[in-house]
Amino acid sequence: MQMQTSTLLQTYLQHQGSPFNDPRFSSSGLSLTTLPPTDMPFEIWHGLEDGVRLSLTQEAFWSFSQHLQLAETDQMALHPDDFILLSQLEEARLKAKGLAGNLAGIMTALDLPTPPANSPLGTVPLGDSAFQRKCRGYVIIRDYGFWTDRAVTFLGELKTKYSE
Amino acid sequence: MALFAVLQTTFLLALLPLRTYQSEVLSEPLPLTPESLNVSINSTKQCLHLQWTVHSLDYHQELKMVFQIQISRFKASNVIWMGNYSTTVKRNQVLHWSWESELPLECAMHFVRMRTMVDDARIPAPRFWSNWSSWEKADAQSSLGDQPLYVFPKDKLVEEGSDVTICYISRNHQDNISCYLEDELTYGKQLDQNVWAFELKNVSFFRKSGTNFYCKGRGIPEGLVLFVSKVLEEPKDFSCETRDLKTLTCTWDPGKDTGLIQLPSYTLFESFSGKKTLCKHRNRCDWQVTQDPQETYNFTLVAENYFRKRSVNILFNLIHGVHPMAPYNLFPKNVNATHATMTWKVYSIGNNSALLCQLQLLGEGKVIQQHNVSVRVNGEYLLSELEPDTDYMARVCCAYADHFWKWSESISQKFTTGEAAPSEAPDVWRDVTFVSGHPTVTLFWKPLAKVHTNGKILFYNVVVENLDEPSSLEVLSVPAPANSTKVTLNQSSYQIHVTAHNSAGPSPASTVAISGHPGNENVEEGRMNGTEDGFPMSWKPQSRNATGYVVEWCDGPQNLPCILRWKNLGPTTTGTVISSGAFRPGVRYNFRIYEISTKRMAHLLEKKAGYLEELDNSVCCKYTIDNPDEKTFVVKALQPESVYEFLVTPYTSAGEGPLDDFTKVTTPDEYSHILLHIILPMIFCVLVVMITCYLKSQWLKDKCYPDIPDPYKSSVLSLIKFKENPHITIMNVNDCVPDAIEVVNKPEGSKTQFIGTRKSPTETKGTKPTYLDLLPTEKNYSGPGPCICFENFTYNRAASDLGYCGHFPVTPQAPPCQLGPLTSPENLLKTLEQNYMNSLGEIPAGEANLNYVSQLASPMSGDKESPPTNPPEPALCSEYKMQMALPLGLASPPPGEDSSLSSTTLSDPSQRH
């Protein structure tokens, strides 16, 4: 999943033109308020209870599934013939949604409260122009990669912890 | 009504001079000043939209007026555009007018004002401009947020080749902002303190998903996407047709793609009916024919995108543009050997109009028959004169019968005709041999040509009819593809009939007659010569009733069994040329010419023999071996490096036997044996020299480059043993750890004499060394310190144990061989002294030495607090050389003894140099 996320980011940037396809392109200042936060320090995240982390991860991937849908729609308008990019976005969206569903199942099994499944996505910033929508897609995929790394590590910890 | 109009005009004319008079007299402007001027911004179209009214009109009629408009940018005094707008105005009418700005409106504040003048023919001159309205401000910047950087317009759709102006607004003046078109740096001009504009001239198409223009400072990049459209082309090859008189299909070539995701629209207009339809495809459009058939259509195709509108027109007659659908269900029916009926169907056109269909019959890819058939629904045609057992293809296409315009697409179907009995009798010949007086007949026949087989030959029937016993009839069936059979007969006369059979029946019979007795074989053999074309021969007929002639021969007479060949000739023929691809030069061929009687009996007429090409000229030698028991024969006097062919054949009194294949032999080179006599001794000599060299190599090695002495095997050790010193060790060079290399500079022009004068360090102060550190050294280390003298002589172990080592100066020119053999302690000490004294010799001024300095061996590293009283001069440091430890007793004489200089140097650190 991490490999696919990395590939998706590469594919996405290559298709957006300059400056996105610049090998050194990075814009850490770009952010979307509607996306799950990525600024929580690792120590704090690691210090949270498993149930809380499960809940945050589940909410994050549910949110990403919706944001990836938005990015896919944006790219459909810009690159309607680019099946590779569109299929990778669709695959990522389905995986995010699937992971959110699986996490919700785990939380239910652990008697943890789960958020409502169909919480709608409100207005997402950076949608005024095509250039902004390119930026928006970049931020979504970049943060999705961050949360994927975090989720893989966290779930690995859980597996180790509960298999002992 | 007319009266009312006259009254109105009169009133108007009376009123206006009055107002003009008021204006001139009272110095007041005409009260036709535009009012309620409102300016709004349309960001998408980058337009300033103006709306206003003229309240001052006192009458209810329309009045033609001119509005002069001024637009300023950044400040009201900076007028960038002025123009007139003429229109007819009613009282209280809200007027609208738009102005498109090349500069994005967000990047600059705009001001608008206007004035008006009556421009109606009903109002006589003079005419006056009203006063200007007050400036109205259009400020798009006020609605912007607090972002540090904005780039405008947000997105832009432009046509290739046009110019675009882009601007940015930077809130932070300190930020150094660069702007790029894709990855190309773009330079702009500053319009205001925080506004820069970029004019992109003649923009070109970059990619379908747009061209990025972006600016970046220290923060997030901001930008826009330029969607560049290629110029919309006029549709080409616009034409229409109908396939069923119900639907019209118009097609065209749209030209190159505009390169945008938003495709241009294509609309089809028909002027007679006034109808139009939006086309679903960019190169095709369907048009429904109405119930009330319209025969002529005037079509206009309009291609349109954001920038352009292109149109083409055709006048189309429905009946003249019928292109029927391809027929279908084409099948062969009642196919036999020579006939086939083809059936097919067509799609009906209009009210069952007739179609003209073309049926083509193709054999081996070529059209061999073509028929036109009129068809309404079902088509049928009988094809005749077909060949049996032949593959054919039928192809049908149709056109509108009333007015031919275009054939439909064709449909095709393959079929094969049935078999018929072979049309020709097989070509049969016989070979008769007599065994114990009984004739044995071998019958040969040639396969029928394909045009005569009319199917696949399954077998051959051979009917043997005994003419002397009519009731005796023997029938043989020989399966195909055999081409011969053998029949044993008695001494009666026979007729043999051969027929070829396929599934449809037998061929006509071929008959040969056989006499029960040998014929006349005593015919003289004639000679003949072959030509390039074959063997030409002629004969004299013997009977006037001959039904034909047969020439018989063997293709490979030297091979057994003979491959019998024959050629049938007509009764009037008296000559022919026999040719065969199997004929070879140098082979004798025998031909027999038969005359065929009316009873199909063959009589030998003539014998002929000859060569296609005689090869006797190439036979250089011919030897006769008389002794039949002799099995070997030596041919002498042959040429070297030549190819010979040998053939041995037996002969009797009757002549030579058959010629078998020749055997090729190549004679060797004339000089090869001579070369062999020279090369072999040479190889032997070289080997002897090599063995001698090898044996002498050890001697040569000892003489030229003896082995480097091993310290463990040194003769010094024998001395050590002699003294019985228990501390014997050998120092390994690897034990030494290098620390620093010192580069010694000497001032140019100065020379230091050390010979015989033991100068103090202060006297040699001018030769301060420069150091190149390999490892970190002590901070307060002021001098080079004691150095290890790595040379191929003994090392003072005592000195080493004291944390000190001898510091031996050397001259670079001093060759190592000057040290001499170290075979005794005296020699060793002498050598050390000699080396030391040499090192004190004259050193060229300005010469730098690169010396090795060991920190580990330095007493300074372990005793920083007590630096040596006489620190050694860097020039005295030795170079890196091999060394070995020397027992203390050997290197250091007892104290108080009048020791030599070198021993003193080794034992007393304070006297080091």
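This is a predicted model: local features need pLDDT of at least 70, side-chain atom pairs count only at pLDDT 80 or more; totals for chains, interfaces and linings use all residues.
Sorted by class, the residues in the contact of α3(A) with α4(A) comprise 18 nonpolar, six polar and four charged.

Helix α1 of chain A, residues 2–15, meets helix α5, residues 130–163, with axes that come within 9 Å and cross at roughly 165°. The two helices α1(A) and α5(A) are therefore roughly antiparallel to each other, and their crossing is left-handed. On the α1(A) side, the contact is made by A:Gln2, A:Thr5, A:Leu8, A:Leu9, A:Tyr12 and A:Leu13. Facing them from α5(A) are residues including A:Arg133, A:Lys134, A:Tyr138, A:Ile141, A:Tyr144 and A:Val152. Taken by class, the contact of α1(A) with α5(A) divides into eight nonpolar, five polar and four charged residues.

Helix α1(A) also packs against α4(A), where the axes come within 10 Å and cross at roughly 145°. Here, too, α1(A) passes α4(A) in a left-handed crossing. The residues of α1(A) that take part are A:Gln4, A:Thr7, A:Leu8, A:Thr11, A:Tyr12 and A:His15. Their partners in α4(A) are A:Ile84, A:Leu85, A:Gln88, A:Leu89, A:Glu91, A:Ala92 and A:Lys95. The contact of α1(A) with α4(A) has six nonpolar, five polar and two charged residues. Looking across both contacts of α1(A), A:Leu8 and A:Tyr12 are named in the one with α5(A) and again in the one with α4(A).

A pair of aromatic rings is described by the distance of the centres and the angle of the planes. Over all chains, the count comes to 39 aromatic pairs. Ring pairs link A:Phe20, A:Phe25, A:Phe131, A:Tyr138, B:Tyr180 and B:Tyr214 into a cluster, with members from chain A and chain B. One of these, A:Tyr138, is also part of the contact between α1(A) and α5(A).

Charged groups also sit over aromatic rings. In chain A, A:Arg150 lies over the face of A:Trp147, at 4.6 Å from the ring centre. In chain B, the charged end of B:Arg430 is placed over the ring of B:Trp429, 4.4 Å from its centre.

Most residues other than glycine have a negative phi, and most peptide bonds are trans. Against that background, a cis peptide bond joins A:Ser18 and A:Pro19, with omega about 5°. A:Pro19 lies in the loop between α1 and α2 of chain A, the latter helix covering residues 42–47. Chain B has a cis bond from B:Ala480 to B:Pro481, where omega is near 10°. B:Pro481 is found in the loop between β34 (473–479) and β35 (484–488) of chain B. A:Asp111, a residue other than glycine, has a positive phi near 60°. This residue, A:Asp111, has its place in the loop between α4 and α5 of chain A.

Notes:
Residues are numbered from 1 along each chain as its sequence is written. Chains are lettered from A and ligands numbered from 1 in the order in which they are written. Side-chain values use heavy atoms; hydrogens and water are left out. Rings of Phe, Tyr and Trp (its six-membered ring) pair if their centres lie within 6.5 Å; planes under 30 degrees apart count as stacked, over 60 as edge-to-face and the rest as tilted. A charge sits over a ring if NZ of Lys or CZ of Arg is within 6 Å of the ring centre and within 35 degrees of the ring normal. Ala, Val, Leu, Ile, Met, Phe, Trp, Tyr, Cys and Pro count as nonpolar, Asp, Glu, Lys and Arg as charged, and the others, Gly among them, as polar. Axes are lines fitted to C-alpha atoms, for helices over the stretch in contact, and angles run from 0 to 180 degrees between N-to-C directions. Helices (H or I, at least four residues) and strands (E, at least two) are DSSP runs, numbered from the N terminus. Angles under 35 degrees count as roughly parallel, over 145 as roughly antiparallel, 65 to 115 as roughly perpendicular and the rest as oblique. A crossing is left-handed if the near helix is turned anticlockwise from the far one by less than a right angle, and right-handed if clockwise. Contact means heavy atoms within 4.5 Å.
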